[in-house]
Amino acid sequence: MPPIRLGLVGVGKIARDQHFPAIAATEGIELAAVASRSASLEEVPSFASQSEMLAGAEIDAVALCTPPQVRHELALEALKAGKHVILEKPPGATLSEMDDLVAAAKAEGVSLFATWHSRFSPAVEPATEWLSARRAKKVRIVWKEDVRRWHPGQDWIWEPGGLGVFDPGINALSIATAILPQPFFLTKAALTFPENRQAPIAADLAFTDATGVDFTAEFDWRQEGPQTWDITIETDDGGRLALSEGGKKLILNDQPTVDAPDAEYRGIYAHFVDLVGSQRSDVDVSPLRHVADAFMLGHRQITEPFFDDGGKA
Ligand code: NAP
């Protein structure tokens, strides 16, 4: 099979940091064009918009690396042009727009892949396997990072649909929904909004499930110094799981089990090649559903304004 010719839309941080190197390292797919409002690449034809790229480039698929608020319109346009589509996480700004995209992909007979990059981290598969034979009794997620370090100047992330601290927090939820053997649901949420922003800077969540699991998640964007992306789980047979560094490290019953480098985006592109080759789609909105629940149920508190230029804005 010839490689899938991919057009990428939105040449921002994640496109440069992860997508371009992962595409280059993955068999069965090649970068054939980009669409960007601000950048052009020497290696491939560059277009000012996706519409121009669809009209002018020889491509089979599109990867959308834009903010989530503009993703549905772009995805629909690409699907209707008969292209397979990769969506960065979160897959969209609302849950219902996802149904629309799934229907469009089906009608066009193309593959749609709503990616969750953290699910491709090396600890996730062994953690899933270990938990499949056990019942989680207690789950603790602590996801604390410095927004100034990871999202400098990204105004969209503070706008409606940008998710605020849930932009990283949803990565933890994408892991939890993958590794826990049964569905869980939100019971309580406290969301902290800077007084000048539309999205939260911190969130404290409580979940449970049909067996009464004691499950909390703390998301905070104000953490300077060492960054924390940890999930710990105690099981009813006395087992202990500790997943750290966002899924790169796994300790089971105090035994280091996984400590591997990041290859998440290579996993994403290999899976996409497989989906296209087998004419399938992969769309799981469960992490986004938990975030929507938090916005529905959350008690809101207001905190001091946030400026990402050290207070000069
Ligand atoms: P970013 O640096 O702000 O880049 C997004 C790019 O999308 C922009 O550079 C712009 O590229 C394009 N764009 C199109 N319409 C836009 C609009 N209305 N407003 C702003 N940009 C627009 O953001 P990012 O960090 O790459 O994040 C993009 C997506 O990847 C988000 O959904 C995010 O959750 C996800 N993601 C990010 C990270 C990370 O570490 N940053 C990690 C994993 C996933 P052009 O100028 O080329 O048009």
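How many bridges join strand β7 to strand β10, and do the two run parallel or antiparallel? In this predicted model, 7 bridges link β7 (residues 136-144) with β10 (residues 214-220), and the two strands run parallel. Within this region, tryptophan 143 stands opposite phenylalanine 219 of β10.

## Sheet architecture

Strands β7 and β10 belong to an open sheet of 9 strands, ordered β14-β13-β12-β11-β7-β10-β9-β8-β15. The pairing in this sheet is mixed. Strands of a sheet pair through backbone hydrogen bonds, in either a parallel or an antiparallel manner.

The edges of the sheet are formed by β14 (255-259) and β15 (299-303). Each has a single partner strand, so one side of each lacks a neighbour in the sheet. From one strand to the next, the twist averages 10°.

## Helices against the sheet

Helix α9 (residues 286-297) lies across β8 (184-194), β9 (202-209) and β15. Relative to β8, helix α9 runs at about 65°.

## Aspartate 155

Aspartate 155 is located in the loop between α6 (147-150) and α7 (166-179). Its relative accessibility is 48%, and aspartate 155 therefore counts as partly exposed, the limits of that class being 20% and 50%.

Aspartate 155 and threonine 26 are separated by 129 residues in sequence. In space, their C-alpha atoms are 32 Å apart.

Definitions and conventions
Residues are numbered from 1 along each chain as its sequence is written. This is a predicted model: local features need pLDDT of at least 70, side-chain atom pairs count only at pLDDT 80 or more; totals for chains, interfaces and linings use all residues. Side-chain values use heavy atoms; hydrogens and water are left out. Two strands pair if DSSP finds at least two bridges between them. Helices (H or I, at least four residues) and strands (E, at least two) are DSSP runs, numbered from the N terminus. Axes are lines fitted to C-alpha atoms, for helices over the stretch in contact, and angles run from 0 to 180 degrees between N-to-C directions. Contact means heavy atoms within 4.5 Å. Buried means under 20% relative accessible area, exposed over 50%, partly exposed in between (1.4 Å probe, protein chains only).
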